[in-house]
Amino acid sequence: MKVRITVNGTLTEREIEPRTLLVHYLRDELGLTGTHVGCDTSNCGACTVLLDGDAVKSCTVLAAQADGGAVATVEGLAASGPLAALQEGFWEAHGLQCGFCTPGMLMAATQLLRRNPDPTDAEIRRGLEGNLCRCTGYANIVRAVRLAARKGA
Amino acid sequence: MIPPAFEYVRAASVDEALAHLAKYGDDARLLAGGHSLLPLMRLRLAAPRVLVDIGRIRELAYVRAEGGELAIGALTTHHAVEQAAAVATAARALADAASVLGDPQVRNRGTIGGELAHADPAADYGAVVLALGGTVTAAGRGGRRTVAIDDWVRGPFTTALQPGEILLEYRAPAAAAREGSVYRKFARRASDYGMVGVAVRLGLGADGRCTSARIALSCVSDQPVRAQAAEAALAGRAPEGDAVREAAAVVLQGVRVADDPFCPADYRTHLAQVETARAIAEAAARARAA
């Protein structure tokens, strides 16, 4: 089947099998490997992207379901050069060690700050509930999001 | 893990979806948010030959308060249920469940209709809709029919929905004055399935005694259960002290309690009793404030 999906502002069009998952569309069809496959069972959140503005686990969405929609991935956060406030927050607050969960954390945090520009620490933790970090960096991730909120992400 | 191959068709309306179901019969499964079905397909526990995507039938995504009832369309996402002012006012326990179900990403995609039709024994809404009461409406080729919520779930992952039918709406009686409802879930970790989920709906008279009580649990057995012995223990009594203790003590009476290495049956029973007592207290507080 043919799908047309706008990714980071650019219209993409591919002939795919209906069973193609959105994460594989992004990684294998478009070469956007910033979105990671972690647990592969909709738990870990490493594959989080925004679909029509909502954070979704792209391992649990068919590319066919996103047909006609707009997807934002981590590659789009700083497309124009300077780091986004969230990326700077993660940098400054040491919000990552190995970095595997980071793209998903950034996209989940993007939705979090859009819905709630001035979250408490408890709200940040709740907003990132669907994202796992195996380096146990949660404390610094919360600090990073708080820092970004102050900068006006 | 990539799902087995399937044919994908998209329905723009309920009638179109019904026509697809009629055409493909048992080979077809409905796809709404996909947050139960797609994981099953990826684990090869389900392998439908045809997926009928109903996710774009926007007229099935709504929350409406009408005539003393709260009507929620099948394609309303958990996030929308969590956010809707009408849900918070008329059926607070549903908002409680929507806010602890899965995680923010799952809540953006998963739908109330999908969860009710999937009928996972550990699903949070299972207990809530039993405690709230109300009905489920389904459409088939022969027209629409309404099923009382107590008759909805027939067993694990099994509902009264017939082949070829689509769930359209859940409808709950809206909370009246001095009525309150709550859902409490006990889970080991963030975004986990519950070990116990308790939903309570209470109505209080001017004297503070229960005029109505419905209590239901999820995650405790192979399907959600009404706790009628516990409801009877509250009947006509103020929801405090001995009445609450007695209700909690019998909350799983007659239930074959799920037993697994992470949560043995005796521990699960203990949790259910503690959470029931807390839920009754919270529902009573909400009823007094309503």
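Strands here are DSSP E runs of at least two residues, helices are H or I runs of at least four, and both are numbered from the N terminus; two strands pair if DSSP finds at least two bridges between them. The model is predicted, with local features needing pLDDT of at least 70 and side-chain atom pairs counting only at pLDDT 80 or more, while totals for chains, interfaces and linings use all residues. Residues are numbered from 1 along each chain as its sequence is written, chains are lettered from A and ligands numbered from 1 in the order written, and side-chain values use heavy atoms, leaving out hydrogens and water.

**Exercise 1.** Find the strand order of the five-stranded sheet in chain A, and work out which strands stand at its edges.

*Solution.* 
- Step 1: The sheet is open, its order is 2-1-5-3-4, and the pairing is mixed.
- Step 2: Strand 2 (10-15) and strand 4 of chain A each have a single partner strand, so one side of each lacks a neighbour in the sheet.
- Step 3: The twist from one strand to the next averages 40°. Axes are lines fitted to C-alpha atoms, for helices over the stretch in contact, and angles run from 0 to 180 degrees between N-to-C directions.
- Step 4: For a residue-level check, Leu50(A) has Ala55(A) in strand 4 of chain A as its bridge partner.
- Step 5: Helix 3 of chain A packs on the sheet, touching strand 3, strand 4 and strand 5 (70-72) of chain A. Contact means heavy atoms within 4.5 Å.

**Exercise 2.** Describe the three-stranded sheet of chain B and the helix that packs on it.

*Solution.* 
- Step 1: This open sheet has the order 1-3-2 with parallel pairing.
- Step 2: Strand 1 (7-10) and strand 2 (28-31) of chain B are at the edges, each with a single partner strand.
- Step 3: Neighbouring strands are turned by 25° against each other on average, direction ignored.
- Step 4: Four bridges pair strand 1 with strand 3 (residues 50-53) of chain B, and Tyr8(B) has Leu51(B) as its bridge partner in strand 3.
- Step 5: Helix 1 (residues 14-24) of chain B touches strand 1, strand 2 and strand 3, and its direction makes about 150° with that of strand 1.

**Exercise 3.** Characterise the contact between chain A and chain B.

*Solution.* 
- Step 1: Chain A gives 31 residues and chain B gives 32 residues.
- Step 2: About 2500 Å² is buried between the chains, with carbon and sulfur atoms giving 51%; buried area is the accessible area (1.4 Å probe) that two parts lose on being put together, summed over both.
- Step 3: Arg19(A), Gln65(A) and Glu129(A) supply 25% of what chain A buries against chain B, more than any other three residues.
- Step 4: Four salt bridges join the chains, where a side-chain nitrogen of Lys or Arg lies within 4 Å of a carboxyl oxygen of Asp or Glu. In the salt bridge between Arg10(B) and Asp67(A), the closest N and O atoms are 3.4 Å apart.

**Exercise 4.** Which parts of chain A does the salt bridge between Asp121(A) and Arg146(A) tie together?

*Solution.* 
- Step 1: The closest N and O atoms of Asp121(A) and Arg146(A) are 2.9 Å apart.
- Step 2: Asp121(A) lies in helix 4 and Arg146(A) in helix 5 (residues 138-151) of chain A, so the pair ties together parts 25 residues apart in sequence.
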